[in-house]
Amino acid sequence: MPASRRIIERSDILAPETYARERKERRAAITALKKNRRVAVGPYATFYFENYDTMFQQTHEMLYIEKGGEEQIADELAAYNPLIPKGDELVATLMFEIDDEVRRDKELRRLTGVEDHIYIDVGGLRVTAVPEGDVERTKSDGKTSSVHFLHFPFKLQEIEKFRDPATQVIIAIAHPNYGHMALLSPDTRAALAADFA
């Protein structure tokens, strides 16, 4: 499926029996694709950069697992289509992955409003994350979610710099209780550059 696709249509959804038959191969292919779309930042945070293919797969996995029929298809398309980059942005699922439940609860309570402290630095130009507006990710008690959906809206100049191999690109979390950053590898840069129109 071309990376330039921006929306999953109802007509793109595979019949359940077709997906079940192809599931193993499709999961292996998406695992390989995701390898260069995953960026760890600090000890707990991982950004998974989404595109048409990752959301196509996620939609089909949810349909396969939950078997909710036509009504579920509409719900999944409404949930996942907004996470497909529209040509002038990168979109990421940020996950704080902490196995120990007690430690996870403690850390997430220290990360109040973390979604407002995330950016990509493109050769000195800062692209600030915009949280997906579906639900509030930090609760009234201050505990943030372990999963955040983020849009990084790029201007043309920032896209051009991102595509230039000589430009250093860094993703950063600048929260007072979680200050970490990671340099994007050339392979990740190449994979993500395809998300721009």
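My helices (H or I, at least four residues) and strands (E, at least two) are DSSP runs, numbered from the N terminus.

Housekeeping: this is a predicted model, so I kept local features only at pLDDT of at least 70 and side-chain atom pairs only at pLDDT 80 or more, while totals for chains, interfaces and linings use all residues. I number residues from 1 along each chain as its sequence is written, and side-chain values use heavy atoms, with hydrogens and water left out.

**α3**

I listed the buried residues of α3 as Q72, I73, E76, L77 and Y80. Seen down the helix axis, the buried residues of α3 fall within an arc of 135°, so they line one face; the arc is that of the directions from the helix axis to the C-beta atoms. On the face turned away from that buried side I noted E71 and A78, both exposed. My cut-offs are under 20% relative accessible area for buried, over 50% for exposed, and partly exposed in between (1.4 Å probe, protein chains only).

I also checked the length of α3 (residues 69-80): at 1.5 Å a residue its twelve residues should span 16 Å, and the end C-alpha atoms are 16 Å apart, which agrees. The expected span is 1.5 Å times one less than the number of residues.

**The open sheet**

Next I traced an open sheet of five strands, in the order β1-β2-β3-β7-β6, with antiparallel pairing. β1 (38-41) and β6 (130-131) stand at the edges with a single partner strand each, so one side of each has no neighbour in the sheet. I count two strands as paired if DSSP finds at least two bridges between them. Inside the sheet, β3 (residues 89-96) and β7 (residues 147-153) pair in the antiparallel sense over seven bridges, and I found L90 opposite F152 in β7.

**β4 and its partners**

I looked at β4 (residues 118-122) and found it mostly covered, with four of its five residues buried. β4 pairs with β8 (residues 169-175) in the antiparallel sense over five bridges, and I120 stands opposite I171 there. With β5 (residues 125-128), β4 makes an antiparallel pairing over four bridges; D121 has R126 as its bridge partner in β5. I see β4 and β5 as a hairpin with two residues between them, and G123 in the turn has a positive phi of about 55°.

**R5**

Last stop was R5, in the segment before α1 (16-34). At 27% relative accessibility, R5 counts as partly exposed. Leaving out residues up to four places away in sequence, I found R5 touching D12, Y52 and I84. The R5 side chain makes polar contacts with the side chains of D12 (2.6 Å) and Y52 (3.4 Å). A polar contact is a pair of N or O atoms within 3.5 Å; within protein, one must be able to donate a hydrogen and the other to accept it, and residues adjacent in sequence count only if both atoms are side-chain atoms.

Note on methods. Contact = heavy atoms within 4.5 Å.
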